[in-house]
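Please read them with the sequence and the coordinates open beside you.

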Amino acid sequence: MSTIELRDIHVTFHEGGKTVEAVKGVNLLALDGEIFGIVGYSGAGKSTLVRTINLLERPTQGQVIIDGEDVTQVRGAKLRELRRTIGFVFQGFNLVGNLTVAQNIQFALKAGGWKRDQWRDRTLELLRLVGLEDRADSYPSGLSGGQKQRVAIARALANNPKILLCDEATSALDLETTEDILALLKRINRELKITIVFITHQLEVAKQVFDHVAVMEQGRIVEQGETFDVFSAPKHPTTKSLVGRFLGISLPSQLIASLPAGELVQLTYRGDDALEPLISDVAIKRGVSINVLHGNVEYFGTRPIGVLIVLISGDAGAVTAALADLKSKVLEFHVLDRAKIAAGATTTEAFADADGADNAGGAVAGHATADRIEAQQAQEEAR
């Protein structure tokens, strides 16, 4: 296992007389044996950042520290030795088309200095690990996308790396195949004790496998912490946008005209709160009608995040009291502007409290800097 620390990483490119800052002052800590995710939209700088870990992209400024050692400036034999300890899984598989599955893996074994008489046993061991022991003599053209990615994972593990980097490793796969690959990576992480850094724009991936996550936008990390905390209580607009798209909460504009009078509210709740009969309790207590118009619940690991859009109607005083009750119990609370939704706005765009100054419950997303440094120190003391 390995700890990865990036300190004040900058990556600058000079193209066509222009200076492009792809990564700007990133600080990141991935602890031994965890799956650390980097999430963001295309062009956020995720791939450039992850390539600094194995120095495929050397930082313009900053430090790359692996297991407490600054490796930023290593070159030659030391660089080759470093890269043997870091496997890389690409989005596009990067298999050699005129080599068999076994030969693709053996290409990595040769580069890693394995003796030829060890190749066969090691190749079969890796193919068993990824469930392709019967495809050793197949060519990439005869494999499905999921099988190609399994071969790519086997090849990345050929030299017993301590770290595995995955660059959008599932984005070219269908949903079922993605779930199979994620299950494989979780098993590899658990059984081989490999630290995994996985970049993606898919929250479907994040919710299943990430222990901690960093959200990137325009070359910077704008939010980070435990995956559940970050996505259940997003603070930055980019994180909120990712979560909003993932949960898929919306109301058709034509519905608004047919709704009875009352307050239209969006509620976000998480963890055990998602399992409480909150709506019915408040309705009975305050003597109001609460109709659920739309809802969605997603599980991050075993912990749920839920979003509901409800219509609360009744006596004005009772409605006000019900709103106060709900606000005190949920993670986030937003009154929605009917006119904006009727005009085609999304629910997020229709927040009547758009400044966000008075919409939050007690929970906040963790940024987990100090506590993760303490965790790193504890790991080092335990060695």
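1. How far apart are the mean positions of the positive and negative charges of the chain? The chain carries 41 positive and 48 negative charges, and their mean positions are 7 Å apart. Please bear in mind, here and below, that this is a predicted model.

2. On the overall build, the chain contains 13 helices and 14 strands, and its C-alpha trace spans about 80 × 50 × 45 Å along the principal axes. Of the contacts between residues at least 6 apart in sequence, 71% join residues that are at least 24 apart.

3. As for the surface, the chain exposes about 17,900 Å², of which carbon and sulfur atoms supply 48%, while buried residues account for 50% of the 383 residues.

4. As background, nonpolar side chains tend to be buried together in soluble globular proteins.

5. The aromatic rings deserve a point of their own, and four aromatic pairs are counted in all. Why is the pair of F88 and F90 classed as stacked? The ring centres lie 4.5 Å apart and the planes meet at 25°, which is under the 30 degrees that sets the limit for stacking, so the pair is stacked. The two partners can be told apart by their accessibility: F88 is buried, with a relative accessible area of 10%, whereas F90, at 24%, counts as partly exposed.

6. F246 and F300 form an edge-to-face pair, with 6.1 Å from centre to centre and 80° between the planes. This pair links distant parts of the chain, since F246 belongs to helix α9 (residues 237-247) and F300 to strand β12 (residues 289-300), 54 residues apart. Both are buried by the under 20% criterion, because F246 has a relative accessible area of 14% and F300 one of 7%.

Notes
Residues are numbered from 1 along each chain as its sequence is written. This is a predicted model: local features need pLDDT of at least 70, side-chain atom pairs count only at pLDDT 80 or more; totals for chains, interfaces and linings use all residues. Side-chain values use heavy atoms; hydrogens and water are left out. Helices (H or I, at least four residues) and strands (E, at least two) are DSSP runs, numbered from the N terminus. Buried means under 20% relative accessible area, exposed over 50%, partly exposed in between (1.4 Å probe, protein chains only). Contact means heavy atoms within 4.5 Å. Accessible areas come from the Shrake-Rupley method with a 1.4 Å probe; for residues, only the protein chains shown count as cover. Lys and Arg count as positive and Asp and Glu as negative; His and the chain ends are not counted. The place of a charge is taken as NZ of Lys, CZ of Arg, CG of Asp or CD of Glu. Rings of Phe, Tyr and Trp (its six-membered ring) pair if their centres lie within 6.5 Å; planes under 30 degrees apart count as stacked, over 60 as edge-to-face and the rest as tilted.
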